[in-house]
Amino acid sequence: MPRPPNYEFQDWWNKQRENGHDVVPEKYECTTNSDNINNNNNNNNHHHPNSPFLTVEIRNPSSDPAVDKEMRARSVRQLSGIYLLKLQQIAYSVVYAVIYVVRTIQSRSASDSSHSRFYRAIKWMLILVISLLCFELAAYFKGWHFSPPTAETAELMVEFVYATWLQVRADYLAPPLKSLGHTCIVLFLIQSLDRLVLVIGCAWIKFKKVKPKAAMAYPVGKGDDEDLEDYPMVLVQIPMCNEREVYGQSIAAVCIQDWPKERMLVQILDDSDDLDVQLLIKAEVLKWQQRGVHIIYRHRLIRSGYKAGNLNSAMGCDYVKDYEFVAIFDADFQPTPDFLKKTIPYFKGNDDLALVQTRWSFVNKDENLLTRLQNINLSFHFEVEQQVNGVFINFFGFNGTAGVWRIKALEECGGWLDRTTVEDMDIAVRAHLCGWKFVYVNDVKVSNLSPFGEFYVKLDGKITLTFFFLLQCLCELPESYEAYKKQQHRWHSGPMQLFRMCFIDIIRSKVSWAKKANLIFLFFLLRKLVLPFYSFTLFCIILPLTMFIPEAELPAWVVSYVPGFMSILNILPAPRSFPFIVPYLLFENTMSVTKFNAMISGLFRFGSSYEWIVTKKLGRSSEADLVAFAEKESDSTFPRSTSESGIAQMNRLGVTRKTERRNKLYRKELALAFILLTASVRSLLSAQGMHFYFLLFQGISFLLVGLDLIGEQVNTTSS
C-alpha cells in the first residue's frame, strides 16, 4: 500500500505565517528592479492547508520608480546604439553589393541591348508594373480589394486616387487591352490550326509511305565497268569564314565523295580574315590536291555581300559553265560519301526540278539543354514542315546548305543576291516564282545496319578505308546562348526584309493565285511574322498587364491548355525529347523576345536587321565521335588511311583551343523576367492559380536565360 502523505511540515508552515513570523530570513530576501514581480497575485497566498506546494513571497524593499525609469532609458539607448551600428554595417554592405552588381552588369551586359529602343520600352514597362504593384499592395493592406472606395465616398486623397484608377482602368485601359488580347488569341488559334494541319499531313505521308522517287540509282562503290557519261558534272562549294574548328572535317567529307573525280570539282570559298586560318585551309587543300582530288582554294580580297557575295563570286568563274549541278555545304557540315549518288538521280527525267534538299542531323544534339531544345524545333521543321511542303506543293525554303541545285535554275532566277541576310530563302522564292520545283529527301542513308559505316575510296592509287556516320548530312548546333541568339536574330529578320522586297514580285509573277496566297499568307505572314508577334505580345506583354487590369483577364485555356497541346505537337518528331516538354514551352516563349525584335527590325529596316555574324562552331562533338570510332576499330584487319586526320593536322601545326567560361548578362531578358515575376506577385492577390504558376515559371525561365545559365558559356580562342 502507498505511504500516506505527511502534512506536519505544511501545518507548521501555516501556523508560523498566521502568527506573523517571517519564514524566510531577511538575508535570503530576493530583490528585483520590477514592481510587477512583488506580490504577483494576492490569491497565491491562499492555498488549501493540505496543499503540498509552497508559497514564497519575493520582496523588493528598494523599489524606486525614478531609478527604474532611468535604468530602462539607459538600456534602451544602449540597445539603440547597437542596432544603429549593425544597421550601418548592413547598409554599407548593401551599397557595396549594389555597386558591385551594377559594375558587373555593365561589364557583362550584351552590347546590342543597352541602347536599343526596344530595350528602353521594356525598361519603362518594368518601372510601370513595379509602381502598380506597390500601389496594389498598399490597397490590399487597406482592404480596398474587398470593398473598393468610390470617388464620392473617398475621405482621403489616397482613396480618391485609387478610386479614380479603378474607373480609368475599367473605362479606358481594359477595352483596348482586351481587344489586343482577342486579336492575339485569334492569331494564336490560326497558327495552332496550321501546325495541326501540318502534323496531320505528315502522318498521312508516313501512313501512305509517300516518298519522292528517283528515276535511277547509282551503284554503291566504284566499279571498273562504270560509264563516266552517266555521271553529270558536279560542282561542290564550301563557303567558310574563320572556321578554324571545323574546316578539316568538312573538306575531308567532301573530298571522299563516291563520285568520279573527273566529274567533280570542289571549291573552298574562304572569306577568312585571320591569316593563320587561311594558311591552315590552304594546307588542307594542298594535301587533298596531292591525293588526286580536284579541289581549288579561293579567297576574296573584297569581302562584300557576306555568304551570298562569296557564292556569287564563285559562280562567276569561267569553268562553271561546264558543270550542270552545284552542291553547297556549310563549313560545319559533313556529308556522307554517297551523298551525290543519293541526290543527283532525282534530277534525271525532271527537267523542271531545281533543288534537292536533304535533312540535317546534329552531332551535338545531346550536348546540353540548349542543343536539346534546338533539336526539337529543327526536327519539326525538317520532319513536318519541309516534308509536307515538298510533297504537296513542291516548294519550301532552301536551308542554305546540304542541298544540290541545278545551275540553270540559279542563273534563270538571277543568281545569288546579297540584299538580305537570308540569301538561301531569297533564291528559293525567286526560283519558285520562275516555275521551278523542289524535292525534299528525308532519309538519305547508306545502310540501316549500324550507326557507323565503312567506305573504300581510291586515292592516288591506294585503297583507303574511310569511316562515317550513316545519318543525314551531319552538322553542329550552337552550344552557347549568345551564338544561338545571334543566329535566330538573323533567321527572323531576314524573312521580313525579303517579304518587303519581293511582295510586288509575288503579285506580278505568273504562278497561280494559290501559290501566291501560300507564299504571302502562309510562308511569310503566318509562319514568319504572326508567330513571333503573338508569342511575345500575348505572353510577355498582355498577360502581365492583365494582372494589373483584371477586367481584361485572359482565360486559363489560352495560358496553359493550348500552349501545352501545341508543345506536344511540336515534340512529336523527336519523341525522345518528351521529358523536356515543359522547358521547351518556357524556352520558346523566352526566345520570342529575340524573334519579335528581329522581325520588327527586318520589317521596318532597322540597322540590326542587316547584321551578319557567323555562327560560332566548336567542332567538339564530331571530333570526339570520330576519335572514339577510330579507337574502336583499331584492331580491324582492314587497311587504314595513310593520311593524317584533321585533328592530327591541327595539332601538328600547333593549333590549340583555349576555353574561357564567362557568363554574360542580357538586359532585355532580365527586364522581362522581373516584369513577369512582378505580375506573378500581383496574381497572388487575386488568387489566380493558373496565371500565377505560368508567370512564375516563365519569369524564372527569362531569369535563367538573362543570366546566361543555359547552354555553354565558352569563348573559344586560338593561339
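## Secondary structure and overall burial

The chain holds 19 helices and 13 strands. Helices (H or I, at least four residues) and strands (E, at least two) are DSSP runs, numbered from the N terminus. This is a predicted model: local features need pLDDT of at least 70, side-chain atom pairs count only at pLDDT 80 or more, and totals for chains, interfaces and linings use all residues. Residues are numbered from 1 along each chain as its sequence is written, and side-chain values use heavy atoms, with hydrogens and water left out.

Of the 719 residues, 48% count as buried (under 20% relative accessible area; exposed is over 50%, partly exposed in between; 1.4 Å probe, protein chains only). Contact means heavy atoms within 4.5 Å. Among contacts in the chain with a separation of 6 or more, 80% come from residues 24 or more positions apart.

## Helices α4 and α14

Two packed helices are described by the angle between their axes and the distance between the axes. Axes are lines fitted to C-alpha atoms, for helices over the stretch in contact, and angles run from 0 to 180 degrees between N-to-C directions. Helix α4 (residues 157-208) packs with helix α14 (residues 556-571) at about 20°, axes 10 Å apart. The pair is therefore roughly parallel (under 35 degrees; over 145 is roughly antiparallel, 65 to 115 roughly perpendicular, the rest oblique). Their crossing is left-handed (the near helix is turned anticlockwise from the far one by less than a right angle; clockwise is right-handed).

From α4, the contact includes Ile185, Phe188 and Leu189; from α14, Trp557, Val558 and Phe565 are among the partners. By class, α4 with α14 has twelve nonpolar, two polar and one charged residues. Ala, Val, Leu, Ile, Met, Phe, Trp, Tyr, Cys and Pro count as nonpolar, Asp, Glu, Lys and Arg as charged, and the others, Gly among them, as polar.

## Helices α13 and α15

Helix α13 (residues 513-548) and helix α15 (residues 581-603) pack at about 125°, with axes 8 Å apart. That makes α13 oblique to α15. This crossing, too, is left-handed.

Contact residues include Lys528, Pro532 and Phe536 of α13, and Glu588, Val593 and Phe596 of α15. The contact of α13 with α15 divides into ten nonpolar, four polar and three charged residues.

## Gln387 in α9

Gln387 lies in helix α9 (residues 369-392). Gln387 is buried, at 9% relative accessibility. A polar atom of the Gln387 side chain lies 2.7 Å from the backbone oxygen of Glu383.

Leaving out residues up to four places away in sequence, Gln387 touches Cys202, Ile205, Lys206, Phe382, Tyr440 and Asn442.

Conventions:
Polar contact = N/O pair within 3.5 Å; in protein donor to acceptor, adjacent residues only side chain to side chain.
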